[in-house]
Amino acid sequence: MDLVRLIYTSTITEQFEVEDIARILKSARINNKALNVTGLLSFNRQFFLQCLEGTRQDVNQIYHKIATDSRHKKPEIIGYQEISHREFDSWNMGYLQNTESLRELFYQHTKSINFDPYNMNGERALSLLLDIRDEIKRAEAQ
């Protein structure tokens, strides 16, 4: 089975409500599990940064739904590549809340207190998401 990894960013719209993040995660976990898509979502109350891994057809299908979701605007694919293995295979959709540790990771990867994933390339975005993955695993182990 050929696998791909898609990393995208988007900006929240005026229709977005704080409760939407819980709804998005619940829906993503159900839908992604059904399609065997894995990934990670990062959100800082302004921007989404998300990675999806799975078959080309399934990842493209999910991204199309996201790109047309009224809670997102300016969706932009940062990275898209064929992969030999999944980096986020533990989760149908992992998530780290907007905490101090997340803000520190944003700063480490961007050297700016104003996180803007539109300024990242695919390699830098993946590196950030891998560090977020590792932070989640550390928190789960405690």
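**Exercises on a predicted model**

Thr 13 touches Ser 70, Arg 71, His 72 and Lys 73, where residues up to four places away in sequence are not counted and contact means heavy atoms within 4.5 Å. This is a predicted model, in which local features need pLDDT of at least 70 and side-chain atom pairs count only at pLDDT 80 or more, while totals for chains, interfaces and linings use all residues. Residues are numbered from 1 along each chain as its sequence is written, and side-chain values use heavy atoms, with hydrogens and water left out.

**Exercise 1.** Decide whether Thr 13 counts as buried or exposed.

*Solution.* Begin with the location: Thr 13 is found in the loop between S1 and H1, where helices (H or I, at least four residues) and strands (E, at least two) are DSSP runs numbered from the N terminus. Next, apply the cut-offs, by which buried means under 20% relative accessible area, exposed over 50%, and partly exposed in between (1.4 Å probe, protein chains only). Thr 13 has a relative accessibility of 8% and therefore counts as buried.

**Exercise 2.** Describe how helix H1 and helix H2 pack, and name the residues that make the contact.

*Solution.* Helix H1 (residues 20-35) and helix H2 (residues 56-67) pack at an angle of about 155°, with their axes 10 Å apart; axes are lines fitted to C-alpha atoms, for helices over the stretch in contact, and angles run from 0 to 180 degrees between N-to-C directions. That makes H1 roughly antiparallel to H2, since angles under 35 degrees count as roughly parallel, over 145 as roughly antiparallel, 65 to 115 as roughly perpendicular and the rest as oblique. On the H1 side the contact is made by Asn 31, Asn 32 and Leu 35, and on the H2 side by Asp 58, Gln 61, Ile 62 and Lys 65.

**Exercise 3.** State where Ser 90 is found and how far Ser 90 lies from Gly 122.

*Solution.* Ser 90 is found in the loop between strand S4 (72-83) and strand S5 (94-96), and is partly exposed, with a relative accessible area of 46%. Ser 90 and Gly 122 are 32 residues apart in sequence and 21 Å apart in space, C-alpha to C-alpha.
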